[in-house]
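Have the structure open and follow along as we go.

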Amino acid sequence: MPEVLVEARDLVVRFRQSAGLKKSIIRPVNAVSFTIDRGEILGIVGESGSGKTTLGRTLVGMVQAARGSLQLEGRDVTRLRGKGLSQHWSQVQMIFQDVYNSLNPVYTIEQQLLFPIQRHRSPEALDADQELDRLLRMTGLTPVGTVRQKRPHELSGGQRQRVAAVRALACRPELLIADEPVSMLDVSLRAEVLQLLLKLREELGLTLVYITHDLPTAVYICDRILVMYGGRIVEISGARDVVNKAEHPYTQRLAASATFESAPAASASYGGDHMKSVLLESHRGCPYVLQCPLSMDICRKEAPVFTHVGPNHDVACHAVANARQEEQAL
Amino acid sequence: MRRDEVPILSVDHATVAYATREGMAKAVDDVTLSIFPGSIVGLVGESGSGKSTLAAALMCLLPSNASLLSGHVLLNGKDLYQMSEQHLRRIRWAQMSMVFQSAMATLNPVLTVGQQFREIFRIHEPRMTREDQQRRMEELLGTVRIHTQHLRNYSHELSGGMRQRIALAMAIALDPELVIMDEPTTALDAVVQHEILEEIRRIQQIKRFAVLFISHDLRLVRYISSEILVMYAGKIVESAPIDVFTETTRHHPYTRGLLDSIPQLRDEQPALHSIPGSTPGLTDLPVGCAFHPRCPYVQPPCLEAPPPLEGMESQLVACYEVDNIEGRRAHA
């Protein structure tokens, strides 16, 4: 059995929002439960407003859950503050989408990377200079001497994302959350960052969470993929099964869009922003109910729970659950 | 190809440059292309390839520090750069319109959708009655499948997909012959992106306008276009009809690199490869072929002079080595 590194149970994140005088509470993450095994790459896929970034931030501790529990190596890390939080950050790190703003433009690469290395250096480690060289070499930022003296604007987008990775790796974390690490890069440079993530898992035994709206890259690097919609997980399965064996109507539609297959079932006319209303705390039922071709009465009343449909494959859908029950009855 | 037909738009050896502190930066370098009625021409290029500058040059909307240094842009045989501003204003939108990446930026935030449609009609078809305007707006919204109640909305009240649909409806409001679409779906989520592409396709088949579809995403362009142009550092490095492009393995090394960096979804996945290095700055382009510093197949002639865009039949490729690449790939 693989060792469980992270266990999230019924996580709920609440945000207050106000538009003019209208105040409301939304749940960008709503009753989310899952585990992450040590050494795996877990994808969190969803569109904007699905809650994927908020979930990633909750794992790092940048956002705190209002309900539910989050465990790292069996320790509760749901509500960390102060020292506990900085301790947490030496185990869980994050890299961000915007490689242009996540590095300090006035520092050389050496200046911005030596600080975190010195701060988190373990007693038996090499001196910081050698450690920096080692990390730069591992992430392919060579020749090391030249790269150290450069400033962020002198590097390509792919190189900048690798510098961000070195900074995250400086404290030797066990879990790295990569939030859309390639979506701002040119297509021709994306593969190099994806390959780097695979290499980090290989060489450091790092556990990775890859957050993206882009299904193809997620299928390429992830072991398992968790599909989110409206703050909830609608399907979890092995990466390729998300495309080939999708059961949730939303996942099926997402897979069809990503492969440009068969025209999606088009509603007669396009109404308002569905995502906004399903995120409201007052929303009842399945988050996909407004767009789902299979929606039934129960979908408007109760949020579906997971139905186990295969090895490592769970789907939160009433229609799928009913179909399974009928199959078993036969 | 239909060489007997007359192209709606033809660009003849156009070079566009920006005046910068480091000298002239050629963003579009000696580009020649033709867009025929009813075709969807896809233009692929990464950031800095000059694709958006080319689009601006086609609309005669270049910023003040950029200019067409040489070449011609002909719309229905008439040189756009010889026309008066007054004449251009009549042609723009009526004959050639544009859809931009960010519909939020295209739509005026202080006018309702309906008011913006009326503005188009008031300027281009001043004799149209209010009732005719209303009828025409409803028809257009029907085409992009938006409920007419949204004519009363401001742009911030609409979702990203709806805004882009409305931008599309505005672009075809005057039945133009050519619609230039610059990254029309880039800011949208996958599902909505697919819907909009289908919408563009469907409407294009009904109305038969020509499209220049600009994107950084080869997947999209391959899906929607009838012809493909690949642009790198201001030059077109490959052009082909879609069926030829899909079937052949003979490509420019840059196109090859783009194809190798696209993940497959249904099939087994070979390892992805990125193209080493990054796109060159426009003020210090490499001598010879602009792609040579990143090209795995580089040969001595590539360092001397840029290769011409040439080929037999319908596919044109600007590469000295194009016929040897397949053999060398197999060898490696």
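What follows is a short tour, from the whole chain down to its parts.

## Before we start

This is a predicted model, where local features need pLDDT of at least 70, side-chain atom pairs count only at pLDDT 80 or more, and totals for chains, interfaces and linings use all residues. Residues are numbered from 1 along each chain as its sequence is written, while chains are lettered from A and ligands numbered from 1 in the order in which they are written.

## Chain A as a whole

Chain A holds 13 helices and twelve strands. Helices (H or I, at least four residues) and strands (E, at least two) are DSSP runs, numbered from the N terminus. Along its principal axes, the C-alpha trace of chain A spans about 65 × 50 × 45 Å.

## A sheet with a helix on it

Chain A has an open sheet of four strands in the order 2-1-4-5, with antiparallel pairing. Two strands pair if DSSP finds at least two bridges between them. Which strands sit at the edges? They are strand 2 (22–37) and strand 5 (75–76) of chain A, each pairing on one side only. Strand 4 (residues 67–72) of chain A joins strand 5 of chain A over two bridges, and Gln71(A) stands opposite Asp76(A) in strand 5 of chain A.

Helix 1 (residues 52–60) of chain A packs on this sheet, touching strand 1 (4–19), strand 2 and strand 4 of chain A. A contact here means that two residues have C-beta atoms, placed from the backbone, within 7 Å.

## Where the chains meet

Now for chain B: 33 of its residues are in contact with 32 residues of chain A. Helix 6 (160–171), helix 7 (190–207), helix 8 (218–224) and helix 10 (253–260) of chain B each give two or more residues to the side that touches chain A. The largest share, six residues, comes from helix 7 of chain B.

Methods:
Axes are lines fitted to C-alpha atoms, for helices over the stretch in contact, and angles run from 0 to 180 degrees between N-to-C directions.
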